[in-house]
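Try each task before you read its solution.

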Amino acid sequence: MQTSLPTTRQTAVYVYQAPLRAWHWISALSITVLAITGWLIANPPPTLSGEASDHFQMGYIRFFHFAAAYVFAVGFLFRLYWAFVGNRYARQLFTLPFWRPSFWAELLHEVRWYAFLEPEPRKYVGHNPLAHLFMVVIITVGGLVMIFTGFALYSEQTGLGSWQDQLFGWVIPLVGQSQDVRMWHHWGMWVIVVFVMLHVYTAVREDVMSRQSLISTMISGWRMFKDDRP
Amino acid sequence: MPTSDTFYSQFRRAGISRRTFLHFCGVSAATLGLAPTMAGRIAHALETKPRTPVIWLHGLECTCCSESFIRSAHPLASDVVLSMISLDYDDLIMASAGHQAEAILDDIRTRYRGQYILAVEGNAPLGQDGMSCFIAGRPFHAQLKEMAADCAAVIAWGSCASWGCVQAARPNPTQATPIDEIVRDKPVIKVPGCPPIAEVMTGVLTYMLTFERLPELDRQGRPKMFYGQRIHDKCYRRPHFDAGQYVERFDDEGARKGYCLYKVGCKGPTTYNACSTVRWNDGVSFPIQSGHGCIGCSEKGFWDKGGFYQHVTDTHVFGVEANADRVGLAAVGGVGAAIGAHAAYSSYRRGKQSVDAQTTTSSPTAKHPHETTGN
């Protein structure tokens with residue numbers, strides 16, 4: 001399986017297919033736009049003077065938020081589809097082999113590697129178990145939470161009976177009221193921001209210190225290994 | 001005592017002219033958002049239908065719903081509405097008291113089984129066996145359950161009956177419980193607000209009497225006609241929100257110019273009510289028009305959502321009471337510092353490793369330089 005070691009005598013493996021790489025970078029861009037505009041919706045810029053008809057500042061901020069949200073949501077649906085038709089590594093985002101003892105053993109090893117308790121990390125063609133866990137929890141579960149709470153809030157302006165209301169309107173009474181949904185959606189933004197910081201740092205660090213490529217893999221699709229040892 | 005004459009004959013006896021009566025029908029049709037032709041149907045219904053008995057119970061509440069109700073806007077409308085229904089029991093305003101008053105409840109319950117409307121103002125505290133609200137020598141929840149068992153429908157007046165309101169605010173010492181969590185086998189129409197708008201209250205009643213059916217309700221049991229949209233959706237200050245013009249402080253230029261109150265905590269974007277369209281006191285004004293943000297009084301648990309003047313509300317979970325932005329910024333700072341420290345130590349280790357690697361590779365016995373380093 002994808003998480004098992006060792007991968008021997010391989011210097012390069014084609015891991016991330018082109019549509020998946022496109023999804024990654026499109027999602028990265030949309031998340032960036034969503035976080036910035038989301039912050040501005042909660043904390044608007046200083047007030048503008050002049051006639052109201054001269055400006056549409058909050059209108060544009062919200063427009064970009066909703067546009068990026070649609071991009072992210074459609075991308076998410078595409079990513080789900082790609083899990084079925086893509087290669088084995090495309091399924092990692094939606095499957096977590098928590099029933100496998102080796103997964104937990106490798107997860108512990110990876111944690112020890114980050115805690116400087118292991119001399120070197122193991123090699124993985126797909127995600128390492130720690131990254132795998134974070135991807136599933138933050139991107140899959142977290143992404144779904146943001147999509148459901150986000151569309152529930154969006155349904156408030158599209159109105160009762162709109163498809164957004166029919167599909168997601170039930171979220172609001174489930175959580176409490178509109179204010180609570182806003183609050184959790186806002187918390188979700190901070191969770192994702194912290195995740196992005198860790199994600200970028202670990203990607204750079206692994207690219208430099210691990211035995212395999214990380215950043216270039218998400219650009220070219222090829223996983224390069226720096227040595228032939230198991 | 002209950003009567004079976006029509007509303008119209010009742011009005012005429014009270015000295016209301018036919019002209020005023022038809023005016024009321026027209027205004028009611030307009031308030032309900034109905035076609036102009038419906039005014040005639042309302043008039044016809046009031047002329048021919050016997051009055052529906054209404055039992056108005058008061059639980060744990062402050063009577064602001066009744067105060068609002070009696071201010072129903074149009075001249076004579078309050079009189080009209082109080083005569084429209086056969087208000088057979090309302091311990092706040094009825095003349096009788098004691099056993100005489102309580103006898104009415106039994107009478108209506110047996111004579112109009114399944115036909116009367118139970119209007120409930122306030123809610124029932126269930127803690128300490130309901131000790132916190134006693135009526136006629138027994139807990140309010142007992143009276144409520146008994147009267148609800150034989151009613152046609154329940155109207156939950158106000159935020160108390162609908163959600164719990166202030167007496168159910170954390171930590172809710174009396175365990176005040178909204179009506180729909182006590183009465184589960186009857187339709188409960190929630191008319192939230194603290195208090196609800198007078199015309200919304202009379203509008204809901206008029207609709208039920210005219211059409212003899214419940215108004216269309218949303219997922220949470222509120223009539224869609226009044227609670228289908230947020231204050232924000234119909235707010236006359238909305239253009240300032242879209243433009244990015246806000247009141248930053250209550251004494252600034254924006255406040256004088258009537259900019260959007262979003263930044264000073266207006267809950268209009270999260271509050272479902274008709275204030276921005278129907279307004280208050282015969283359409284004179286509503287809080288936002290008076291320069292103060294909406295406090296969200298018709299929303300569930302609005303007392304527990306942090307200050308009325310902050311937009312990003314506090315979170316009360318995991319024993320934490322903090323604002324998402326404060327925690328979020330602190331987390332970003334903390335994680336950023338941790339990443340910096342981790343990166344610094346990583347590069348120190350890497351530097352040490354390569355030095356070690358150079359010394360060990362010079363030794364002929366070392367096959368795997370990495371394995372000889374580290375701990």
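**Exercise 1: A charged network in chain B**

In this predicted model, B:Asp106, B:Arg109, B:Arg113, B:Arg138, B:Glu146 and B:Asp150 are joined up in a network of salt bridges.

*Task.* Take the pair B:Arg109 and B:Asp106: how far apart are the closest N and O atoms?

*Solution.* 
- Step 1. The closest N and O atoms of B:Arg109 and B:Asp106 are 3.2 Å apart. The cut-off for a salt bridge is 4 Å, and this pair does form one.
- Step 2. Now place the two in sequence. Both sit in helix H6 (residues 98-111) of chain B, 3 residues apart, so about one helical turn separates them.
- Step 3. Check the surroundings. B:Arg109 is buried, at a relative accessible area of 17%, because buried means under 20%. B:Asp106, with 38% relative accessibility, counts as partly exposed.

**Exercise 2: A pair in chain A**

*Task.* Find the salt bridge between A:Arg211 and A:Asp227. Are these residues buried or exposed?

*Solution.* 
- Step 1. The side chains of A:Arg211 and A:Asp227 meet at 2.9 Å, N to O.
- Step 2. This pair links distant parts of the chain, 16 residues apart. A:Arg211 lies in the loop between helix H7 (178-209) and helix H8 (217-220) of chain A, while A:Asp227 lies in the segment after strand S2 (222-224).
- Step 3. Both A:Arg211 and A:Asp227 are buried.

**Exercise 3: Where the chains meet**

*Task.* How many salt bridges cross the interface of chain B and chain A, and which element of chain B gives the most residues to its side?

*Solution.* 
- Step 1. Over all chains the structure holds 28 salt bridges. Across the interface of chain B and chain A there are 3.
- Step 2. One salt bridge to look up is A:Asp180 with B:Lys305, at 2.7 Å, N to O.
- Step 3. On the side of chain B that touches chain A, helix H11 (238-243), strand S10 (314-317) and helix H14 (324-361) each supply at least two residues. H14(B) gives the most, with 17 residues.
- Step 4. Sort that side of chain B by residue type: 20 nonpolar, 19 polar and 17 charged.
- Step 5. Finish with the extent. The contact takes 56 residues from chain B and 52 from chain A, and the two chains bury about 4700 Å² between them, 59% of it on carbon and sulfur atoms.

Conventions:
Residues numbered from 1 in each chain as written. Chains lettered and ligands numbered in written order. Predicted model: local features only at pLDDT ≥ 70, side-chain atom pairs only at ≥ 80, totals over all residues. Heavy atoms only, no water. Contact = heavy atoms within 4.5 Å. Buried area = accessible area lost by both parts, 1.4 Å probe. Helix = DSSP H or I, 4+ residues; strand = E, 2+ residues; numbered from the N terminus. Nonpolar A, V, L, I, M, F, W, Y, C, P; charged D, E, K, R; others polar. Buried < 20%, exposed > 50% of the residue type's maximum accessible area, 1.4 Å probe, protein only.
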